[in-house]
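Reader: I'd like to go through the charged pairs in this one. Can you walk me through the calls and what backs them up?

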Amino acid sequence: MKLLIKPDRGFGKIEVELDESLWKRIEELAERYGVSPERVVEIALKGEFKEPMGDLEKLEEKVGELERKVWKLEMEYAPLRYKAYGLSEDNKILAIELSGLIAENNQLRRFLRLPLNRNPELRKLISYYLQG
């Protein structure tokens, strides 16, 4: 693999021949740290390495422990989220039915020439459940 390094400004470029194993290692590092392979080469050439502030193995072990806790909490939370979704859908259906009943009630009141019931709080509640 041929690596071509160009300056931001001016002339001059550097061509470096990389063997396949080194390029694979660069790609592994890029994937591991979520950066481009070009950025890995740039960091290596400039020497912008950061030293860990603590014992790396302990930190990785702690991260693994925290990930296990997160997954455990997610397993507990998922059924609750599913039930909440079901309840919100039930509330939408009930809001639609209630809206229809209110409209029917108002039409009957008009037919009987009775005063209409305008309940703005109930309409706000219905619109809240229809939006969610």
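Reader: What makes Glu28 partly exposed?

Author: Glu28 has a relative accessible area of 49%. Buried means under 20%, exposed means over 50%, and partly exposed is in between (1.4 Å probe, protein chains only). So Glu28 is partly exposed.

Author: A word on the source: this is a predicted model, where local features need pLDDT of at least 70, side-chain atom pairs count only at pLDDT 80 or more, and totals for chains, interfaces and linings use all residues. Residues are numbered from 1 along each chain as its sequence is written, and side-chain values use heavy atoms, with hydrogens and water left out.

Reader: What separates Arg25 and Glu28 along helix 1?

Author: About one helical turn, because they are three residues apart in helix 1 (residues 20-33). Helices here are DSSP runs (H or I, at least four residues), numbered from the N terminus.

Reader: And why does Arg32 count as exposed?

Author: Arg32 comes out at 54% relative accessibility, so exposed is the call. Arg32 also forms a salt bridge with Glu60, with the closest N and O atoms 3.9 Å apart. That pair links distant parts of the chain, Arg32 in helix 1 and Glu60 in helix 3 (residues 56-111), 28 residues apart.

Note on methods:
Helices (H or I, at least four residues) and strands (E, at least two) are DSSP runs, numbered from the N terminus. A salt bridge is a side-chain nitrogen of Lys or Arg within 4 Å of a carboxyl oxygen of Asp or Glu.
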